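Welcome! Take a moment with the view below, and then read on.

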Amino acid sequence: MKKIFRIVSLTAFLSLSGMDALCQNAPASSGPKAGASDAAMVVVGIVTAVNTAAMQATVKTDAGALVTILFDAKTEFLRLRPEDKGLETATHITFSALNVGDRILTRNNLSAENKPLPVRRVVVMTSADVSKKQERDREEWNRRGILGVITGLDPQTKEIKLQLRSGATTQQIILVPSERTRFRRYAPDSVKFSDARDSSFPELQVGDQLRALGDKSSDGSRFTPEELVSGSFRTIGGMITAINPPTNEITINDIQTHQTLTVAVGNDALLRRLPPEAARSFVPAEQHGDGGKGGQSAQTSQAAQGHADLQAALEKAPTVTLAELKKGDLVLVTSTKGATESHVTAIAVVLGLDALLKQVQRASSSRNPGPNLGGTGLPGGIGLP
């Protein structure tokens, strides 16, 4: 499945405090006039427009704001590669080398009248360098990474029991973090790998999804992680009751809890409609006319196979837009666990699984536990960088 994740912020390579000092210690361009305020703002974001004649650029910050940055002949431009750890290996470039799509980090100085002044120094990561770094990171996580669900935690040894799944096969593996292991955790209401914040062992929970980068032992039973990212996710089936295009949100009625939920469908969310022939593969056997014979074992086997196949089916499924959704549609939503139970941020919204969802809806009002939405195998967890 193709997911788009923004590159980790420059602050992952240079601390903001270090960048502040770096900007402040740069040779002054047209510094503040007498009586000017010291007000300033660190700006980290993507260049969306460059005005060569006016020597300025528009930047969309990681917080979503649009900021105009002014330059002059004394502004220093430094090109930093994503893998660099400091400015020692940065190269000097000129304003003419700045392009739309580049990431920049700078301090936007303001005058006493709160008007922007030309910045002193700009650190630039070109879009080409960022793309290459993303590809290298993805290759590394694919080659040396594992993904599974936490089934046990030992507070004394800090060992983590992780269940891995490949098709119908499951495997238990023990993660043994070291003092150098970096812990990160998905931020609430965010679906972006790059938003994962620094974390620690005590924040891990049984049932969390976890992706780790590191090395397996020779017998494959243990894993030493260099970095691990964890998160708590939800899988929800519901009927759309309202659509709000201005806010990119839909309202659904949870078919299992009957609660009303607001679902934020951002630009990073995956929206797909499974064709009927693909959707039939993920309906438990009793829906195909065996009267429930074979019962739990048949459901378990098929769910395990579905876990492996649903992501592949979604890759081929047609993309839909928010404008194509309508009231009454049944959708399967995967999301992070947000700050409130009634509001979630979608990772994926899938249509076409009406037969499965209707069976879950019937089962929710009976003693039959029915199919487990959490075992559908949706791409509802931790993606790649």
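Predicted model: local features only at pLDDT ≥ 70, side-chain atom pairs only at ≥ 80, totals over all residues.

## Rings, strands and a core

Ring pairs link Phe71, Phe77 and Phe95 into a cluster.

**The aromatic pairs**

A search of the whole structure turns up four aromatic pairs. One of them joins Phe71 and Phe95, and this pair is tilted, because the ring centres are 5.3 Å apart and the planes meet at 45 degrees. The two residues sit in distant parts of the chain, 24 residues apart: Phe71 is in the loop between strand 3 (66-70) and strand 4 (76-79), and Phe95 is in the loop between strand 5 (91-93) and strand 6 (103-109). Phe71 is buried, with a relative accessible area of 5%. Phe95 is buried as well, at a relative accessible area of 10%.

Another pair brings together Tyr186 and Phe233, with ring centres 5.5 Å apart and planes at 70 degrees, so this pair is edge-to-face. Tyr186 lies in the loop between strand 11 (182-185) and strand 12 (197-198) while Phe233 belongs to strand 15, so the pair ties together parts that are 47 residues apart in sequence. Are these two residues buried or exposed? Both Tyr186 and Phe233 are buried.

The charged end of Lys158 sits over the ring of Phe201, 5.7 Å from the ring's centre.

**The chain as a whole**

Stepping back, the protein chain holds five helices and 20 strands. Of its 385 residues, 45% are buried. Among the contacts with a separation of 6 or more, 64% are between residues 24 or more positions apart. The chain exposes about 19200 Å², and carbon and sulfur atoms supply 50% of that area.

**How some of the strands pair**

| Strands | Direction | Bridges |
|---|---|---|
| strand 4 and strand 7 (121-125) | parallel | four bridges |
| strand 4 and strand 5 | antiparallel | three bridges |
| strand 8 (145-154) and strand 13 (209-216) | antiparallel | five bridges |
| strand 13 and strand 14 (222-231) | antiparallel | eight bridges |

Leu78 stands opposite His92 in strand 5. As a general rule, side chains in a regular strand alternate between the two faces of the sheet.

Strand 13 has partners to follow too. Strand 13 and strand 14 form a hairpin with five residues between the strands, where Gly220 takes a positive phi near 75 degrees.

**The largest nonpolar core**

Which residues have the most contacts inside the largest nonpolar core? They are Ile250, Ile252, Val263 and Val265, in a core of 18 residues. The elements that give two or more residues to this core are strand 15 (233-244), strand 16 (249-254), strand 17 (260-264), strand 19 (330-336) and strand 20 (343-351). Strand 20 provides the largest share, four residues.

Ile252 shows how such a residue is surrounded. Setting aside neighbours within four places in sequence, its contacts include Ile236, Met239, Leu261, Val263, Val331 and Val333. Gln259 is also one of the contacts of Ile252.

**Two partly exposed glutamines**

Gln259 is found in the loop between strand 16 and strand 17. This residue is partly exposed, with a relative accessible area of 43%. Beyond residues up to four places away in sequence, Gln259 touches Ile252, Asn253 and Asp254. Glu341 is 82 residues from Gln259 in sequence, yet their C-alpha atoms are 9.5 Å apart.

Gln172 lies in strand 10 (169-175). Its relative accessible area is 45%, so Gln172 counts as partly exposed. Not counting residues up to four places away in sequence, Gln172 touches Thr151, Lys161, Leu162 and Gln163. Lys161 is eleven residues from Gln172 along the chain, and the C-alpha atoms of the two are separated by 6.8 Å.

Key:
Residues numbered from 1 in each chain as written. Heavy atoms only, no water. Core = buried A, V, L, I, M, F, W, Y, C linked by side-chain atoms within 4.5 Å. Buried < 20%, exposed > 50% of the residue type's maximum accessible area, 1.4 Å probe, protein only. Contact = heavy atoms within 4.5 Å. Phe/Tyr/Trp six-rings, centres within 6.5 Å; stacked < 30°, edge-to-face > 60°. Lys NZ or Arg CZ within 6 Å of the ring centre and 35° of its normal. Areas by Shrake-Rupley, 256 points an atom, 1.4 Å probe, with all protein chains shown as cover. Pairing = 2+ DSSP bridges.
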